[in-house]
Amino acid sequence: SVVKERGLERVVQGLALLFPDVHFFFICGEKIKILLKCLKDADGSPELAALWQKWEPRLRPFNDARNHLEHIDERIRRSGISDLGNIRRGNTFTFGGENFDIGPNSIKLLTDLYEELVQILSSRPYPQDEDRSHQAPPT
């Protein structure tokens, strides 16, 4: 085979191990987006609504990339694409001519969102449970 002739067995094995991790990364990014929306909707605060408005477009590529991978058959039938997922320079995943960052910048994107969310939530006062503070301990 061409892979054996060129001594690429280890490269192919490495990619076979890497692609599930890339897919998992996209799933995690999409779940963060879904859970942020759930939190925003349940909370109803303007701070979380603003956070959603800021971050939803930045998180959308995780969903797009995940959809490409999970609906690869549809992509092939619809457009006859030949780029069914490649990794370039270790930081970019390509699919059908679209580029998706999978490097340190995309991880920083998620940690930045996390830090903003924690800042919003930690700036809120803790609810005071005055009723329980005056009760006698249970017997």
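Tutor: Start with S106: leaving aside residues up to four places away in sequence, S106 touches F25, F62 and D101. Contact here means heavy atoms within 4.5 Å. This is a predicted model, in which local features need pLDDT of at least 70, side-chain atom pairs count only at pLDDT 80 or more, and totals for chains, interfaces and linings use all residues. Residues are numbered from 1 along each chain as its sequence is written, and side-chain values use heavy atoms, with hydrogens and water left out.

Student: Where is S106 placed?

Tutor: In helix α5, residues 104-122. Helices (H or I, at least four residues) and strands (E, at least two) are DSSP runs, numbered from the N terminus.

Student: Is S106 buried or exposed?

Tutor: Buried, with a relative accessible area of 5%. The cut-offs are under 20% for buried, over 50% for exposed and partly exposed in between, using a 1.4 Å probe and protein chains only.

Student: What separates the C-alpha atoms of S106 and F62?

Tutor: 9.7 Å, and the two residues are 44 apart along the chain.

Student: OK, aromatics. How many aromatic pairs does the structure hold?

Tutor: Five. Rings of Phe, Tyr and Trp (its six-membered ring) pair if their centres lie within 6.5 Å; planes under 30 degrees apart count as stacked, over 60 as edge-to-face and the rest as tilted. One of them is F25 with F26: the centres are 6.3 Å apart and the planes are at 45°, so this pair is tilted.

Student: And F26 with F100, what sort of pair is that?

Tutor: Edge-to-face, at 6.1 Å centre to centre with 65° between the planes. F26 lies in helix α2 (residues 9-43) and F100 in strand β3, so the pair ties together parts that are 74 residues apart in sequence.

Student: Are F26 and F100 buried or exposed?

Tutor: Both are buried. F26 has 1% relative accessibility, and F25 is buried too, at 17%.

Student: Which residues do the ring pairs link into a cluster?

Tutor: F19, F25, F26, F62, F93 and F100.

Student: What is the bridge partner of F93 in β3?

Tutor: F100. Strands β2 (residues 92-95) and β3 (residues 98-101) run antiparallel and are joined by four bridges; two strands pair if DSSP finds at least two bridges between them. They form a hairpin with two residues between them, and G96 in the turn has a positive phi of about 55°.

Student: What does T94 touch?

Tutor: T94, in strand β2, touches D83, G85, N86, R88 and N99, again not counting residues up to four places away in sequence. T94 is buried, with a relative accessible area of 5%.

Student: Different topic. How many disulfides are there?

Tutor: Zero, from a search of the whole structure. A disulfide would be a pair of cysteine sulfur atoms within 2.5 Å. C28 is partly exposed at 29% relative accessible area, and C38 is partly exposed at 44%.

Student: What lies over the face of W55?

Tutor: R58, at 4.6 Å from the ring centre. The test is NZ of Lys or CZ of Arg within 6 Å of the ring centre and within 35 degrees of the ring normal.

Student: Last one: what is the pattern along the sequence?

Tutor: α-α-α-α-β-β-β-α-α, from six helices and three strands. Of the 139 residues, 27% are buried.
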